[in-house]
Structures are given as C-alpha cells and as structure tokens.
Amino acid sequence: MQNDRPRATPALIARRLGLSLAAAALLALFITWAETGVLVGGDPWPGVFFPRFVQLGMIAVILTAQRIGLLTGIVTGVVLAFVAVVAFEGGMASYYWIGEFFLHALKMIIVPLVVFAMIVGVSSLGDVRKLGRLGGRTVVYYLLTTLAAVVVGSVLVNLFRPGDGITLEAAGHATSKAAAGISDLVLSFVGCTGDPAKGGTCDSNIVDSMANLRMLPIIVFSLIFGAVLTTIGDKAKPVLAFFDGVNDAMMKVVHLIMLLAPLGVFGLVAGRFGEALAAQGTDAFLGELQALAGYGGTVLGGLAIHGIIVLPVILYLTTRRNVLRYVRGNGGVLLTAFSTASSAATIPLTLEAAEENNGVDRRAAQFVIPLGATVNMNGTALYEAIAALFIAQAYGIDLSFAAQLLVVLTATLAAIGAAGIPEAGLVTLVTVLEAVGLPTEGVGLILAIDWLLDRFRTSVNVWGDAVGAAVIERYGLERPADGGR
Ligand code: ASP
C-alpha cells in the first residue's frame, strides 16, 4: 500500500505540516468570522476559533502523515479520530460527511471491480476443472474457519456467562422453527432475499442485483461467465484481453480512491462516535457500555482469540509466511474495515493489499477475496453465537447441548447469509434466535452497542478473507506463485 512518490524527507514533512497548519488556521479564521461576525476578538470568538482550528489542524496532520506513507496516514486518521471524539464529543458529528464521501467512492466501484476481477481471476485458471479444485478448497477453508470462530465464541460465552447478571422475562416466546431454509440459500444465488412463497423478494435480473449491490448473484454470474470463457477456445481471446485491461484500470482507480482513505477513516470514526455521543450524551453512552461490558468483552475477547491466535496460526502453518509482515501489508485494510463496518466496501483495498503488498497470486486473490467478503464471515459467526447464547442466559433459558449445537450450525449459516454491509449480522441473528426458539426481542438487549462491535467483527471478517487468499494460493492453485513472501 505504498504510493509511488519519492520518499519524504523530514524537512519536507515539516514544511508540509507548517503549510497545512497555516491553511487550517486561515480556514478556522474564516469559519469563525462567518459565525461570529468578527475577524478576531469578541466574546464567543475563542470558543469558535480554537475548536475549529484544532479539528482542522488534525486534518492537516493526517494529510501530512499521508506523505510518509498511506498506512501511516490511515493509522494517524484513526488515532486522531478517537482523540477528537474524546476532546469534542458530539461536535465531531459534522465531520461524518468526509467519511461518507470515502465510503461512497468505494461503493461506486465495488460492482465493476468484483465482476472484472472475478472473471479475470477465474478465466486465468485456464481450465474449468481447476475451478473445481480452487472452489472446493476455498469452501472448505471458509467452513472450517467459520466453525472454529463459532466454537471459540460458544466456549467463551459458556465460560464467562455474561448474561447471568441480567434477568428478563420473555414476552412471547418465539417458537417458530422457520429459520432460513436451504431453499432460501439456493435462491439467494440468483438474487432473491428468500423464498418468494415465504415473503422473499427477487431481483428481476443481474443488472437489478448490481443496482441493489447484492453480491452473491453478481459473484455467481461472474464465476460462470469466467468459467465458460475458458471453454470457447480462440473466441475468448479478445474478450479476455478486454476484461484484463479493464481489470488493470479498475485497480488503478482503487489506488486513487485509497488516497482518500486517511481522511475517510477519520471522518467515519470521529463522525460516527461523535453522532452517538451527540444523540445519547457521553454519560448515557458510557453507562450503556458499562451495562453491556460483560457481553461486549466476551465478543471482543473471542474476536481477539480468533483474529490474533487462530487465523495467524493457520496462516503460518499452511503457508509459512511471515505473519507480522502479512499483517502489516493488511494494516490499512483492517483499519478501513473497522471504519466502514463493511466487508464489501473494503474489497478494493483487500484485493490490492493481497496482490501488491503481500504478493498473493492474482488468481487466488481475485477468487477468494470477493467471494469471502460475501460469504466468509468469521467475526460475524462468532458474534452471532455469543449473542444468541447471551440472550438465552439473560432470559434465564437453559439450552441443552443439542440446542447449543443448533446455535453453532445456524450461526455458521447466518454468517454466510449476512451481507457485507454494516450491521447485517444483527438481522441474521434473528434467524439464529428463531431456530432455537429464543425470544427475538432479545435483539433489543444488544442493539445499543451493536454498531460498535460491528466494526471489530468486520475487521476479523476481512482478516479471514485476507488469510484465506494466502492459504488458497498455496493449496488451491496448481502452481503457486513464489514471489512476495
Ligand atoms: N458488517 C459486517 C461485514 O460487513 C457484517 C455484520 O454485520 O456482521 O462484514
């Protein structure tokens, strides 16, 4: 994730910082003048000028840090976002639009990027039969890591029992076992939200799915298209050359959008936390955190075990890669996942980091990452298991071993079904609760801090995809690339 500019010297950085801070001071002066009617002095003047100057100064620092390197810029963006939230609380909500701009720039390119990347990735395997090997091993990797995550979550929640302190009465027990069935899953491949007979809706065609950012049908379409291209002989050549060119051009667009990342993550994090504080007040927000500390701590602990121990061990044992170097190559990716709370929005960066920072073979990266962002959600699966069992504990419902096993299975399926967008996991959690007959209104219990935990689980989701790309490069391709370790 380095840019091509010459290395910035300390003198250059200092000069840039000075210039950017001066620009920030001028802008703050202008804003203060617009708000108070005086250029300098007057009673409300310091109260308007100084906060603005500090906030704009932070942006100046982020822009300067970006000169050192993109990762330095992104790290600075996230750190200063937290500093700003502590210092200005709700005042930071007005910076959210900067993050929105970055988020929507990413969303703008997801569909063409995924379509072209997957078609090129799959067709460059050369033979449809190799797709079977790649696909089969990828699915095994997804399933095994997701199951591992759910097991980690279930063990922790049974060990710490964070729900025991809370006593709630279930208003009406949801006894319906109408959880998402196999028909819903199969239909989702062609753009349906579920079985139309049971109230699901379907996109009318692939363009509709693209417009709705429904990734699964887009991926299925691209996979089939890429695969059949390998079967039509010479006629495929010009088509492939075209897709290859567009794919390279899309990656360049990703480079450009990434230049927005440092400011984007600052806006998203400071703005979202600021918004929460503005809406609830700091005390209420902290109170909420405290009340749910046991549950939140269990989820974070589980995510940490899976993200810091399980996945790195898998990465090391299967690929012998230098884990720290691999993490570093994904630093910007993980922070962007944290800031956007969306695996789908992070796809461009994950792809870029895998190929360019970590030297993962393009064919593996372009297959595993877009698909993984849609179906492989280790963090979400772990959280769903903890949340469901926490709700059971809070309502004083003792779940048998068989019922807990059902939670494990449905949490795995629910994570596969969750879209890579903010808080999608909260929606599929209802399915898990219904499957074991737990009160669905229990979701209300964890609602307040879900947006916060979502960021951590999304980072683990994306980390699982990044590790998957390296593992599948090693085991899914016939001739693994040897560069970039
Ligand atoms: N936000 C998560 C993601 O995009 C999904 C979830 O809500 O768990 O990966």
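A residue counts as buried if 20 or more other C-beta atoms lie within 10 Å of its own. By this cut-off, 14 of the 14 residues of helix α16 are buried, so α16 is largely enclosed by the rest of the structure. The model described here is predicted.

Helix α16 runs over residues 362–375. From its first C-alpha to its last it reaches 20 Å, close to the 20 Å expected at 1.5 Å a residue.

**Domains and core**

The domain assignment of the protein chain gives domain 1 (10–68) and domain 2 (131–213 + 282–475). The C-alpha centres of domain 1 and domain 2 lie 41 Å apart.

The largest nonpolar core has 135 residues. Inside this core, the residues with the most contacts are V114, I386, A388 and A469. Helix α4 (residues 96–123) gives the largest share of the core, 13 residues. Domain 1 and domain 2 both give residues to this core, so it lies between them. In soluble globular proteins, nonpolar side chains tend to be buried together.

Leaving aside residues up to four places away in sequence, A469 touches A354, V360, A364, A365, V368 and I369.

**Around the ligand**

The ligand is surrounded by 16 residues, and the closest are S343, T380, G420, G425 and N461. Helices α19 and α20 (443–475) each supply at least two residues of this shell. The most comes from α20, with four residues. The table divides the shell around the ligand by residue class.

| Class in the shell around the ligand | Number of residues |
|---|---|
| Nonpolar | six residues |
| Polar | seven residues |

**V430 in helix α19**

V430 has its place in helix α19 (residues 424–435). Is V430 buried or partly exposed? V430 has 19 C-beta neighbours inside 10 Å, and the cut-off for a buried residue is 20 or more, so V430 counts as partly exposed.

Not counting residues up to four places away in sequence, V430 touches T440 and V443. V430 and R457 are 27 residues apart in sequence, and from C-alpha to C-alpha they are 17 Å apart in space.

Conventions: Residues are numbered from 1 along each chain as its sequence is written. This is a predicted model: local features need pLDDT of at least 70, side-chain atom pairs count only at pLDDT 80 or more; totals for chains, interfaces and linings use all residues. A nonpolar core is a set of buried Ala, Val, Leu, Ile, Met, Phe, Trp, Tyr and Cys residues joined through C-beta atoms within 7 Å. A residue is buried if 20 or more other C-beta atoms lie within 10 Å of its own, exposed if 12 or fewer, and partly exposed in between; C-beta atoms are placed from the backbone. Domain bounds come from an automatic or database domain assignment. Two residues are in contact if their C-beta atoms, placed from the backbone, lie within 7 Å. A residue is near a molecule or strand if its C-beta atom, placed from the backbone, lies within 6 Å of it. Ala, Val, Leu, Ile, Met, Phe, Trp, Tyr, Cys and Pro count as nonpolar, Asp, Glu, Lys and Arg as charged, and the others, Gly among them, as polar. The expected span of a helix is 1.5 Å times one less than its number of residues.
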